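Please look over the sequence and the model shown here. A short report on its helices follows.

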Amino acid sequence: MSEYNQYVTAINKIFDYVAKMKAGWNSLDNLNYIETIEEYKQIVALKAEVFKESPVEVNANSESLEALGDD
């Protein structure tokens, strides 16, 4: 399975679980938190398209990140 397919599968699972939590909870605080998470769904979908179109650029950007805990 390609990295893109793994990414899409993971994102779909996350938002599937979020939808199940939303259906099962009736606490207003929790529902507000879930709605906040759902606001990112469109952004994540757009980033998936960027990832699909240019995996080289995504890998190049990740190499420039500083590793945590290497002090």
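## Helix packing in the model

Phe15, Val18, Met21 and Lys22 of α1 are in contact with Leu31, Ile34, Glu35, Ile37 and Glu38 of α2, where contact means heavy atoms within 4.5 Å. The model is predicted, so local features need pLDDT of at least 70 and side-chain atom pairs count only at pLDDT 80 or more, while totals for chains, interfaces and linings use all residues. Residues are numbered from 1 along each chain as its sequence is written, and side-chain values use heavy atoms, with hydrogens and water left out.

Two packed helices are described by the angle between their axes and the distance between the axes. The axes of α1 and α2 come within 10 Å and cross at roughly 155°. These axes are lines fitted to C-alpha atoms over the stretch in contact, with angles from 0 to 180 degrees between N-to-C directions. The two helices α1 and α2 are therefore roughly antiparallel, a term for angles over 145 degrees. Their crossing is left-handed, meaning that the near helix is turned anticlockwise from the far one by less than a right angle.

The protein has 4 helices and 0 strands, and its pattern along the sequence is α-α-α-α. Helices (H or I, at least four residues) and strands (E, at least two) are DSSP runs, numbered from the N terminus.

Of the 71 residues of the protein, 13% count as buried. Buried means under 20% relative accessible area and exposed means over 50%, with a 1.4 Å probe and protein chains only.

|---|---|---|
| α1 | Ile11, Phe15, Val18 | Tyr17, Lys20, Ala23, Gly24 |
| α3 | Val44, Ala48, Phe51 | Gln42, Leu46, Glu53 |

Seen down the axis of α1, its buried residues fall within an arc of 50°, so they line one face of the helix. The arc is taken from the directions from the helix axis to the C-beta atoms. For α3 the buried residues fall within an arc of 65°, so they too line one face of their helix. The cover over the buried residues of α1 includes α2 (28-38) and α3 (41-53).

Helix α1 (residues 3-24) has 22 residues and reaches 32 Å from its first C-alpha to its last, close to the 32 Å expected at 1.5 Å a residue. The expected span is 1.5 Å times one less than the number of residues in the helix. For the 13 residues of α3 it should be 18 Å, which agrees with the 19 Å between its end C-alpha atoms.

How values were computed: Angles under 35 degrees count as roughly parallel, over 145 as roughly antiparallel, 65 to 115 as roughly perpendicular and the rest as oblique.
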